[in-house]
Amino acid sequence: MRAPVPTPLLRVGLNKVALLRSSRGGAVPDLTEAARTLIEGGCRALMVHQWSDHRHVKPHDITALAALDAVRDGHATLHVGGDLREDLGALLERTPGVGCWVVTPFEAQHLTTQRGWRPEDDQPRLAHWAQTLRGRTRISVFVDPEPEAVDLVARAGVAAVELNCRDYVEGFGTPTQERALEALSRAADRAREHGLDVNAAHDLDRRHLSPLIRAVRPTLVSVGHAFVAAAVIAGLRAVLPGFLHAASRD
């Protein structure tokens with residue numbers, strides 16, 4: 001009999017909260033307030049991406065999030081995504097409280113990540129940072145769901161992989177869904193053979209989670225854009241009455 005499917009950790013991305021703030025400048029909405037709200041609601045893993053163009057999250061945001069009491073005392077973990085830049089590595093090296101660096105290939109012309117780690121990427125630098133941050137900040141690498149890609153990053157000494165779920169999400173509800181799940185499952189099995197944790201990420205929504213968890217048995221599932229989009233709609237319903245009341249006062 002197959003063992004029960006373990007419950008994965010849910011990680012929530014805050015990039016779109018930061019993007020809303022950056023669209024107007026200033027400090028609204030407050031990224032740390034959003035993080036505290038999620039932690040108070042039961043979230044135990046947070047995610048932000050810090051890209052070189054600072055399109056949403058700034059370096060000082062990493063410092064502020066890492067300084068939250070719940071992060072410092074281990075009640076919640078902070079994951080920081082970004083490409084393999086020296087300035088980002090140095091920031092994480094000097095910032096206590098960052099639990100994981102999610103290394104993600106980045107091309108500035110794209111709105112979001114398009115691909116996983118490949119042989120042409122800087123494998124020696126990846127190995128360098130895995131060794132430098134060992135015992136302090138774990139490294140997980142965004143990979144396409146291919147056993148060879150998992151083997152590649154495992155050789156660098158990383159702690160986990162982030163499986164790219166793009167094909168699964170795009171094929172959800174179509175005949176290609178099962179094929180995508182099978183590819184993710186094979187890659188996950190290979191990662192576990194290497195002793196790596198398995199995280200599943202990229203454009204996941206609530207409806208995608210149950211089939212994914214049953215097939216892939218990940219350690220962690222990551223949501224972001226869809227989560228914030230749902231929160232916006234739910235928040236409109238919650239906030240509107242107060243504004244209507246304020247506007248109707250004499």
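Colleague: Let's start with tyrosine 168: does it count as buried or exposed?
Modeller: First, a word on the source: this is a predicted model, where local features need pLDDT of at least 70, side-chain atom pairs count only at pLDDT 80 or more, and totals for chains, interfaces and linings use all residues. Residues are numbered from 1 along each chain as its sequence is written, and side-chain values use heavy atoms, leaving out hydrogens and water. Now the cut-offs: buried means under 20% relative accessible area, exposed over 50%, and partly exposed in between, using a 1.4 Å probe and protein chains only. Tyrosine 168 has 0% relative accessibility, so it counts as buried.

Colleague: How many aromatic pairs does the structure hold?
Modeller: Rings of Phe, Tyr and Trp (its six-membered ring) pair if their centres lie within 6.5 Å; planes under 30 degrees apart count as stacked, over 60 as edge-to-face and the rest as tilted. Going by that, the structure's number of aromatic pairs is two.

Colleague: What kind of pair do tryptophan 101 and tryptophan 129 form?
Modeller: Tryptophan 101 sits in strand E4 (residues 98-103) and tryptophan 129 in helix H6 (residues 123-132), so the pair links distant parts of the chain, 28 residues apart; helices here are DSSP runs (H or I, at least four residues), strands are E runs of at least two, and both are numbered from the N terminus. Tryptophan 101 is buried at 0% relative accessibility, and tryptophan 129 is buried too, at 3%. With 5.8 Å centre to centre and 70° between the planes, the pair is edge-to-face.

Colleague: And how are the rings of tyrosine 168 and phenylalanine 172 arranged?
Modeller: Phenylalanine 172 is partly exposed, with a relative accessible area of 25%. The ring centres of tyrosine 168 and phenylalanine 172 are 5.7 Å apart and the planes are at 85°, so this pair is edge-to-face.

Colleague: Which residues does histidine 208 touch, beyond those up to four places away in sequence?
Modeller: Histidine 208 lies in helix H10 and is buried, at 1% relative accessibility. Contact means heavy atoms within 4.5 Å. Leaving out residues up to four places away, histidine 208 touches Tyr168, Val169, Phe172 and Asp203.

Colleague: Are H9 and H10 parallel or oblique to each other?
Modeller: Angles under 35 degrees count as roughly parallel, over 145 as roughly antiparallel, 65 to 115 as roughly perpendicular and the rest as oblique. Helix H9 (residues 176-193) and helix H10 (residues 206-216) have axes that come within 9 Å and cross at roughly 45°. H9 and H10 are therefore oblique.

Colleague: How do H7 and H9 lie relative to each other?
Modeller: Here Pro147, Val150 and Asp151 of H7 meet Ala187, Arg190 and Ala191 of H9. The axes of helix H7 (residues 147-154) and H9 come within 8 Å and cross at roughly 25°. That angle is why H7 and H9 are roughly parallel.

Colleague: Which residues is serine 22 in contact with, leaving aside neighbours within four places in sequence?
Modeller: Serine 22 is in helix H1 (residues 15-24) and counts as partly exposed, at 28% relative accessibility. Serine 22 is also 8.4 Å from valine 57, C-alpha to C-alpha, though 35 residues separate them in sequence. Apart from those neighbours, serine 22 is in contact with Arg55, His56 and Lys58.

Conventions:
Axes fitted to C-alpha atoms, helices over the stretch in contact; angles between N-to-C directions.
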